[in-house]
Amino acid sequence: MASLSDRVGIITGASAGIGEALTHDLARAGARLVINARREARLAEIASQYPAGQVAVVAGDAGDPKTVTRLLDACKEAHGQEANLVVVNAGRGLRGSVTDSNTEEWDEMIRTNITGACHLMREAARTLRAQLPDPASDASAFDAAWKRLVDTGGPARDIVVIGSTVGRHISPFSSMYGSTKFAVNSLAEALRRELAKFGVRVTLIEPGIVRTEFQESAGYEMDGFGKFMNSISPVLTAQDISRSIMFTISQPAGVHVSDILIRPTRQEYP
Ligand SMILES: NC(=O)c1ccc[n+]([C@@H]2O[C@H](COP(=O)([O-])OP(=O)(O)OC[C@H]3O[C@@H](n4cnc5c(N)ncnc54)[C@H](OP(=O)(O)O)[C@@H]3O)[C@@H](O)[C@H]2O)c1
């Protein structure tokens, strides 16, 4: 893996699963990071595995816009520069459909998976976009800066959004959760179209079944779901998803692998 020492990244949902695996891959490649989740002790333990100052911790609810502001600020405070990589990963599942899921969990899921994701996408877009001149007000200054960045292999600017296969293919068994990922799917593609002209990449990663804490925190009935996972084994690991993210963000700044749908080989559906 090439060095990513010119990347300064924010990762939400980094205390477990995909976010944790990605934190390790990025930190090992030399990136400087700000990691977020609600469980501070787990974040601190992860950060302690790297040289002092390389991985900063901002504990808090990613659904709260104040946490989003703290994340952006922490990059400047801890690393002396703004983020050029933002991974919108914090999220949770929910067992059941619109008719049989627990309505008391709807709001929290929507707040984490959609509203919080939107706040982070919005602030990330503003921050990353402003790192080169605005082509609308000074096209030649933008062109020169963009050419210099591409020619010198300068750091790309990435917003990576974690969607899901159930955000592209309808699953009646988890339709409430799936609806949040359909939202994220359309938001990510819309943001990609909005930011492409500024040279900012917005990438959607859509995993199938990944064995993480996700299944349990979503409240899946693990006897039945465990049997299903075994029947299509091996299901994906968090490392599989992290590897895909590392692939896309490591492309030269002028190349964009904008959407990766990744399933266990034996997962037919969704
Ligand atoms: N696993 C799958 O099969 C699968 C498939 C497709 C997509 N995904 C998506 O992948 C992403 C990561 O999931 P995962 O599989 O890695 O699950 P996970 O192991 O349960 O990890 C979820 C992470 O998000 C954090 N988190 C949850 N709610 C949060 C909040 N309100 N504020 C801040 N952090 C929060 C959790 O930490 P704390 O509890 O410490 O806050 C944890 O670090 C999610 O967006 C999920 O929807 C997962």
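Which residue is the bridge partner of Leu85 in β5? Select Leu85 and Asp158 together: Asp158 is the partner of Leu85 in β5. Strands here are DSSP runs of E with at least two residues, helices are runs of H or I with at least four residues, and both are numbered from the N terminus.

Before going on, note that the model is predicted: local features need pLDDT of at least 70, side-chain atom pairs count only at pLDDT 80 or more, and totals for chains, interfaces and linings use all residues. Residues are numbered from 1 along each chain as its sequence is written.

**Stop 1: strand β4**

Select residues 85-88, which form β4. Strand β4 runs parallel to β5, and 4 bridges join the two. Two strands count as paired if DSSP finds at least two bridges between them. Along this pairing, Val86 stands opposite Ile159 of β5.

A residue is buried if 20 or more other C-beta atoms lie within 10 Å of its own, exposed if 12 or fewer do, and partly exposed in between, with C-beta atoms placed from the backbone.

**Stop 2: strand β5**

Move to residues 157-162, strand β5, where 6 of 6 residues are buried. One side carries Arg157, Ile159 and Val161, the other Asp158, Val160 and Ile162, and both faces are covered. Next select residues 200-207, strand β6, which pairs with β5 in the parallel sense over 6 bridges. Asp158 stands opposite Arg201 in β6.

**Stop 3: helices α3 and α4**

Select residues 65-79 (α3) and 106-129 (α4); their axes are 9 Å apart and the packing angle is about 30 degrees. Axes are lines fitted to C-alpha atoms, for helices over the stretch in contact, and angles run from 0 to 180 degrees between N-to-C directions. The two helices, α3 and α4, are therefore roughly parallel; angles under 35 degrees count as roughly parallel, over 145 as roughly antiparallel, 65 to 115 as roughly perpendicular and the rest as oblique. Show Pro65, Val68 and Leu72 of α3 with His119, Leu120, Glu123 and Thr127 of α4, which make the contact. Residues are in contact if their C-beta atoms, placed from the backbone, lie within 7 Å.

While α3 is selected, pick Thr69, which lies in this helix. Thr69 is exposed, with 12 other C-beta atoms within 10 Å. Its C-alpha atom is 13 Å from that of Thr12, 57 residues apart along the chain.

**Stop 4: helices α1 and α9**

Finish with residues 17-28 (α1) and 238-249 (α9), whose axes come within 8 Å and cross at roughly 55 degrees. Helices α1 and α9 are therefore oblique to each other. To see the contact, display Gly17, Ile18, Glu20, Ala21, Leu22 and Asp25 of α1 with Ala238, Gln239, Ile241, Ser242, Ile245 and Met246 of α9.

Note on methods. Contact = placed C-beta atoms within 7 Å.
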